[in-house]
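Q: I would like to go through this model step by step. Could we begin once it is on the screen?

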Amino acid sequence: MHIKDFFDDFTGTMYEAKGLYKEAIKAFRDALSIDPGHVPSLISTAVVLRRCSNQSNPAIRSFLMDALRHDRFNASAWYNLGIFNKDEGTILEAADCFETANFLEESAPVEPFR
């Protein structure tokens, strides 16, 4: 991971915590412009879009699916995809996502293998 990528992701997270969603999206976009496969930024972008959108947004699913293409074992991506599916009314898909997220969280090592 490039240091600017880390800084942009951190900055985006800080903006998100303050409720400054527009600024957060820009910071996550900057991180993704450096590393389009940066999973934390893909997930965070989806989360912020979900928080500031009152309607269905296909981009949310796209960001989460892209995160899962890069890291199939990311519990946070599965959990947030579950929330998205629940909001969309696809309860069975949401349950599958939550179950996968829970399994991955429970079976995750204390230290990552990487």
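Q: Are α5 and α6 roughly parallel or roughly antiparallel to each other?
A: This is a predicted model, and in it α5 and α6 are roughly antiparallel to each other. Helix α5 covers residues 75-88 and helix α6 covers residues 91-107, and the two pack at an angle of about 160°. Angles over 145 degrees count as roughly antiparallel, so this pair falls in that class.

Q: How far apart are the axes of α5 and α6?
A: Their axes are 8 Å apart. Two packed helices are described by the angle between their axes and the distance between the axes.

Q: Is the crossing left-handed or right-handed there?
A: The crossing in which α5 passes α6 is left-handed.

Q: Which residues make that contact?
A: From α5, the contact is made by Ala 75, Trp 78, Tyr 79, Leu 81, Gly 82, Ile 83, Asn 85 and Lys 86. From α6, the residues are Ile 91, Glu 93, Ala 94, Cys 97, Phe 98, Thr 100, Ala 101, Leu 104 and Glu 105.

Q: And how do they divide into nonpolar, polar and charged?
A: Eleven residues of the contact of α5 with α6 are nonpolar, three are polar and three are charged.

Q: Let us step back. How many helices and strands does the protein chain have?
A: The protein chain has six helices and zero strands. Along the sequence, the pattern reads α-α-α-α-α-α.

Q: What share of the residues is buried?
A: The protein chain has 114 residues, and 39% of them count as buried.

Q: What about contacts between positions 24 or more apart?
A: Taking the contacts in the protein chain with a separation of 6 or more, 45% are between residues 24 or more positions apart.

Q: Back to pairs of helices, then. At what angle do α3 and α4 pack?
A: The angle between α3 and α4 is about 160°, and their axes are 8 Å apart. That makes α3 roughly antiparallel to α4. The crossing of α3 past α4 is left-handed.

Q: Which residues are involved on each side?
A: On the α3 side, they are Val 39, Leu 42, Ile 43, Thr 45, Ala 46, Leu 49 and Arg 50. On the α4 side, they are Ala 59, Ile 60, Phe 63, Leu 64, Asp 66, Ala 67 and His 70. By class, the contact of α3 with α4 has ten nonpolar, two polar and two charged residues.

Q: What lies in the loop between α3 and α4?
A: Asn 57 lies in that loop, which runs between α3 (39-52) and α4 (58-70).

Q: Is Asn 57 buried or exposed, and why?
A: Asn 57 counts as buried because its relative accessibility is 19%, and the cut-off for buried is under 20%.

Q: What does Asn 57 have around it?
A: Leaving out residues up to four places away in sequence, Asn 57 touches Leu 49 and Phe 84. A polar atom of the Asn 57 side chain also lies 2.9 Å from the backbone nitrogen of Ala 59.

Q: How do α2 and α3 pack?
A: Helices α2 and α3 pack at an angle of about 155°, with their axes 9 Å apart. That makes α2 roughly antiparallel to α3. Their crossing is left-handed.

Q: Which residues of α2 and α3 make the contact?
A: Helix α2 contributes Tyr 21, Ala 24, Ile 25, Phe 28, Ala 31 and Leu 32. Helix α3 contributes Ser 41, Leu 42, Ser 44, Thr 45, Val 48, Leu 49, Arg 51 and Cys 52. The residues of the contact of α2 with α3 comprise ten nonpolar, three polar and one charged.

Q: Now Ala 77: is it buried or exposed?
A: Ala 77 is buried, with a relative accessible area of 0%. Ala 77 is in helix α5. Not counting residues up to four places away in sequence, Ala 77 touches Ile 43, Leu 64, Ala 67 and Leu 68.

Q: Last one: where is Asp 30?
A: Asp 30 lies in helix α2, which covers residues 21-34. Asp 30 is partly exposed, with a relative accessible area of 26%. The C-alpha atoms of Asp 30 and Gly 12 are separated by 9.3 Å, and the two residues are 18 residues apart along the chain.

Note on methods: Residues numbered from 1 in each chain as written. Predicted model: local features only at pLDDT ≥ 70, side-chain atom pairs only at ≥ 80, totals over all residues. Heavy atoms only, no water. Axes fitted to C-alpha atoms, helices over the stretch in contact; angles between N-to-C directions. Helix = DSSP H or I, 4+ residues; strand = E, 2+ residues; numbered from the N terminus. Parallel < 35°, antiparallel > 145°, perpendicular 65-115°, else oblique. Left-handed = near helix turned anticlockwise from the far one by under 90°. Contact = heavy atoms within 4.5 Å. Nonpolar A, V, L, I, M, F, W, Y, C, P; charged D, E, K, R; others polar. Buried < 20%, exposed > 50% of the residue type's maximum accessible area, 1.4 Å probe, protein only. Polar contact = N/O pair within 3.5 Å; in protein donor to acceptor, adjacent residues only side chain to side chain.
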